[in-house]
Amino acid sequence: MQDIETIWKQILEKLELRISSVSFMLWIKTIKPLEIDENGNFILVAQSVTAKNQILRNFLDKIDDCANEVTGKSFKITILDQNEEVEYLKNNKVDEKNTSKNEEKSPFKEKFTFDNFVVGKSNQFVYAAARTVAEHPGKRYNPLFIYGGVGLGKTHLLHAIGNYIHEFSPNLKIMYVTCEQFTNDYIASLYSPTKNKSIMEFRGKYRNLDVLMVDDIQFISRGKETQEEFFHTFNELIMNNKQIIICSDRPPKDIETLEDRLRSRFSSGLIHDIQAPDIETRIAILHKKSQLEKYYAEDEVINYIAERVDTNIRELEGKLSEVYFLATLNGKKVATMEEAKEVFTKEPKEEIKNDLNPDKIISTVCDYFNIGYQDIIGKKKNKEVVEPRMIAIYLISELLNLPLVNIGKIFGGRDHTTIMHSRDKITDELKTNKKIQNLVSDIKGML
Ligand code: ADP
Ligand code: MG
């Protein structure tokens with residue numbers, strides 16, 4: 001049989017045609033194939049727990065079908081998150097060639113370098129700060145806090161710092177984690193049977209670093225323990241002049257779950273935002289991607305895409321790859337306006353919305369607030385469940401247009417006026433309440 005990387009590549013090519021480009025970039029392209037074991041289990045590693053859940057909910061059948069088409073065999077697909085991968089590798093001897101290759105690889109994304117980052121008005125300040133930090137870690141801008149909307153290059157810059165330090169100061173210990181990984185890692189050590197030892201190991205891992213990068217800090221949970229641990233990690237590193245870089249989709253003052261003491265710590269360094277790129281920058285980015293990924297397209301096509309996608313660079317790239325892909329299907333080596341127009345006039349695939357249902361909305365809200373399903377649909381009146389319940393009701397009514405009476409039935413037989421009250425309350429809050437706006441937008445993102 002061919003090696004797993006080759007098989008996975010072929011599966012990806014098929015999946016890309018069946019999944020919207022945004023979902024593909026976010027959830028599928030980031031999957032790492034681990035192994036096919038002797039029992040026919042196809043083991044894949046998702047980038048995060050959220051990614052794993054998304055894949056399980058929405059894409060498992062498609063992966064299954066494509067794997068079957070590529071190999072002619074049927075597999076049992078298993079998705080692990082990164083912590084489960086570590087466990088799995090401990091318990092199983094994975095093909096040696098595969099693991100040793102992983103160890104050699106730099107932990108940072110190869111293409112996310114400073115060289116590949118296009119600088120324009122929208123990001124020049126943050127770019128300069130990131131470079132300074134990479135060149136002189138711990139000396140200036142500490143912590144460096146970068147915020148900005150989805151797909152504007154925050155993670156790219158973190159990896160660029162990582163790649164730079166890896167190359168020019170290979171002796172420095174540097175780590176990139178998402179806030180979710182940090183939290184999971186800490187919780188895992190808290191609940192480990194050898195708790196004290198695990199916590200010591202955890203601290204050993206995070207407090208002996210020269211550079212710590214934490215991505216997507218807006219997902220920090222309300223959990224006291226995690227915030228406390230993060231606070232101490234933070235202080236210890238800063239006190240020893242070690243560099244910290246943090247990214248978020250919003251400034252510290254708008255991260256509702258963040259404790260005040262952490263918020264004020266973040267303000268002791270440099271906080272700066274990255275903005276949506278202007279048209280010249282978008283064009284330059286598309287040219288860069290076209291070179292890097294070999295997505296050849298006529299200049300007119302590049303301009304056409306740049307004019308139409310203006311807020312998210314990930315989407316900008318996605319459109320270019322879609323257009324190029326269509327061109328290859330049409331037997332062309334360079335994409336032309338014919339394909340560009342086709343991609344943009346196609347009905348947007350509402351794939352995500354189509355498989356939304358009340359159950360999924362409720363489960364997502366429960367996941368987000370870390371509360372039980374029975375509690376949210378039940379009678380409890382404590383603050384921890386009342387607000388999530390109202391948000392779930394609001395979302396079901398807004399996204400699914402279900403009659404109030406039916407929503408009432410889902411929520412333990414509540415009267416339709418109660419449901420209406422919840423819906424209207426959140427609708428009102430959304431007009432002015434930043435916290436509710438953020439909560440609802442986060443949950444919609446997860447859906
Ligand atoms: P964020 O973390 O802000 O959501 P990412 O860093 O993941 O965004 O960026 C999304 C995609 O856009 C990545 O593929 C990244 O390479 C690309 N990108 C973002 N900004 C730039 C830029 N200035 N130049 C080149 N590529 C960029
Ligand atoms: Mg990111």
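**Strands, ligand shell and salt bridges**

Mentor: Begin with glutamine 243, which counts as buried at 0% relative accessibility. Keep in mind that this is a predicted model.

Trainee: Which backbone oxygen does the side chain of glutamine 243 reach?

Mentor: Glutamine 243 belongs to strand β7, residues 243-248. The distance from its side chain to the backbone oxygen is 3.0 Å. The residue that supplies this oxygen is tyrosine 141.

Trainee: How many of the 5 residues of strand β5 are buried?

Mentor: Strand β5 covers residues 174-178. A residue is buried when its relative accessible area is under 20%. The strand is largely enclosed by the rest of the structure, because the number of its residues that are buried is 4 of the 5.

Trainee: In β6, what is the bridge partner of tyrosine 176?

Mentor: β5 pairs with strand β6, residues 211-215, in the parallel sense. The pairing runs over 5 bridges. In β6, the partner of tyrosine 176 is methionine 213.

Trainee: Turning to ligand 1, which side chain has an N or O atom 2.7 Å from an oxygen atom of the ligand?

Mentor: Asparagine 123 has a polar side-chain atom 3.3 Å from a nitrogen atom of ligand 1, so under the 3.5 Å limit for a polar contact that pair qualifies. Lysine 154 has a polar side-chain atom 2.8 Å from an oxygen atom of the ligand. The side chain at 2.7 Å from a ligand oxygen is that of threonine 155.

Trainee: What percentage of the accessible area of ligand 1 does the protein cover?

Mentor: On its own, ligand 1 has 560 Å² of accessible area. The share of this that the protein covers is 94%.

Trainee: Which elements give two or more residues to the shell around ligand 1?

Mentor: The shell has 18 residues, and the closest are Gly151, Thr155, His156, Arg314 and Glu317. By class, the shell residues divide into 7 nonpolar, 7 polar and 4 charged. The elements that give two or more residues are α7 (154-168), α12 (279-293) and α14 (313-329).

Trainee: In the salt bridge between aspartate 249 and arginine 250, how far apart are the closest N and O atoms?

Mentor: Side chains of opposite charge can pair when their charged atoms come close. Aspartate 249 is partly exposed at 24% relative accessible area, whereas arginine 250 is buried at 8%. The closest N and O atoms of this pair are apart by 2.8 Å.

Trainee: With which residue does lysine 380 form a salt bridge?

Mentor: Lysine 380 is partly exposed, with a relative accessible area of 42%. The closest N and O atoms are 3.1 Å apart, and the partner is aspartate 375.

Trainee: What is the N to O distance between arginine 423 and aspartate 424?

Mentor: Arginine 423 has a relative accessible area of 25% and aspartate 424 one of 33%. Buried means under 20% and exposed over 50%, so either value falls in the partly exposed range. The two side chains meet in a salt bridge at 3.0 Å.

Trainee: Which residues are linked in a network of salt bridges with Lys224?

Mentor: The count of salt bridges comes to 31. Some of these join up in a network. Linked with Lys224 are Glu228, Glu259 and Arg261.

Notes: Residues are numbered from 1 along each chain as its sequence is written. Chains are lettered from A and ligands numbered from 1 in the order in which they are written. This is a predicted model: local features need pLDDT of at least 70, side-chain atom pairs count only at pLDDT 80 or more; totals for chains, interfaces and linings use all residues. Side-chain values use heavy atoms; hydrogens and water are left out. A residue is near a molecule or strand if one of its heavy atoms lies within 4 Å of it. A polar contact is a pair of N or O atoms within 3.5 Å; within protein, one must be able to donate a hydrogen and the other to accept it, and residues adjacent in sequence count only if both atoms are side-chain atoms. Accessible areas come from the Shrake-Rupley method with a 1.4 Å probe; for residues, only the protein chains shown count as cover. Ala, Val, Leu, Ile, Met, Phe, Trp, Tyr, Cys and Pro count as nonpolar, Asp, Glu, Lys and Arg as charged, and the others, Gly among them, as polar. A salt bridge is a side-chain nitrogen of Lys or Arg within 4 Å of a carboxyl oxygen of Asp or Glu. Buried means under 20% relative accessible area, exposed over 50%, partly exposed in between (1.4 Å probe, protein chains only). Two strands pair if DSSP finds at least two bridges between them.
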